[in-house]
Amino acid sequence: MSTTPEGATPGFLVWRLSMKWRVAVDRTVAPLGLTHAQYSLVASLHGMHRAGLRPSQRQLADHTGLEPLYVSKLARSLEAAGLVDRTRDPTDPRAVRLSLTEQGAEVTRRAIKVVQGLLEQLVAPLGGLDSQRTKAFKHELTILLDVPLDPPTENMTEQP
């Protein structure tokens, strides 16, 4: 039986699912010394490295959807933990390039494996990772993520 209130809006459901996912990932990667946000950063960095990229903090922020200042803070904490190297870009002194250390790559591979298991649990009711329903769900999420959201231009303090 669902604990979702009847008449819940799509925005509320997206929020609830994102919070459910964040909490589950936090709990899953905590034994590896990571938070959900740190996992998002190192897993994205891992994937970008596999694609032959060595992103700047700004590029990683754009990729993850996290604020650049938050990525910088996360990268510094991951560097202090020995998981990430931060180096100045020789062609742009304002840019900082990120890479996983050997230890960081190992922790990230382990984290990806356990989060993958969590993802399989999440989409099992849709038929699993390779099901048509999961592919359609992913497509719908991609459409929603591509919609630009701008704050309303009207004065929020005015009474209707």
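Q: By about how much of a helix are Phe12 and Trp15 separated in helix 1?
A: This is a predicted model, where local features need pLDDT of at least 70, side-chain atom pairs count only at pLDDT 80 or more, and totals for chains, interfaces and linings use all residues. Residues are numbered from 1 along each chain as its sequence is written, and side-chain values use heavy atoms, with hydrogens and water left out. Helices (H or I, at least four residues) and strands (E, at least two) are DSSP runs, numbered from the N terminus. Phe12 and Trp15 sit three residues apart in helix 1, so what separates them is about one helical turn.

Q: Is the pair of rings of Phe12 and Trp15 stacked, edge-to-face or tilted?
A: Rings of Phe, Tyr and Trp (its six-membered ring) pair if their centres lie within 6.5 Å; planes under 30 degrees apart are stacked, over 60 edge-to-face, and the rest tilted. The structure has one aromatic pair. In Phe12 and Trp15 the ring centres are 6.1 Å apart and the planes meet at 40°, so this pair is tilted.

Q: Is Trp15 buried, partly exposed or exposed?
A: Buried means under 20% relative accessible area, exposed means over 50%, and partly exposed is in between (1.4 Å probe, protein chains only). Phe12 has 29% and is partly exposed. Trp15 has a relative accessibility of 47%, so its class is partly exposed.

Q: Which helix gives the largest share of the lining of the largest pocket?
A: A pocket here is an open set of points on a 1 Å grid over the protein atoms alone, where a 1.4 Å probe fits, with protein on both sides within 12 Å along at least five of seven lines; lining residues have an atom within 4 Å of a point. The largest pocket holds about 2300 Å³ of space. Of its 42 lining residues, the closest to the centre include Leu17, Ser18 and Trp21. With 12 residues, the largest share of the lining belongs to helix 1.

Q: How many charged residues are in the lining of the largest pocket?
A: Ala, Val, Leu, Ile, Met, Phe, Trp, Tyr, Cys and Pro count as nonpolar, Asp, Glu, Lys and Arg as charged, and the others, Gly among them, as polar. Sorted that way, the lining has 26 nonpolar and 12 polar residues, and the charged ones number four.

Q: Which residue in strand 2 is the bridge partner of Arg86?
A: Two strands pair if DSSP finds at least two bridges between them. Strand 1 (residues 84–89) and strand 2 (residues 92–100) pair in the antiparallel sense over six bridges, and they form a hairpin with two residues between them. Across that pairing, the strand 2 partner of Arg86 is Leu98.

Q: Which side chain makes a polar contact with the side chain of Thr134?
A: A polar contact is a pair of N or O atoms within 3.5 Å; within protein, one must be able to donate a hydrogen and the other to accept it, and residues adjacent in sequence count only if both atoms are side-chain atoms. Thr134 is in helix 6 and is buried, with a relative accessible area of 9%. At 3.0 Å, its side-chain partner is Ser131.

Q: How long is the polar contact that joins the side chains of Gln38 and Ser77?
A: Gln38 has its place in helix 2, and its 11% relative accessibility makes it buried. Its side chain joins that of Ser77 through a polar contact of 3.3 Å.

Definitions and conventions. Grid points are joined across faces, edges and corners, and a volume is the space filled by probe spheres set on the points.
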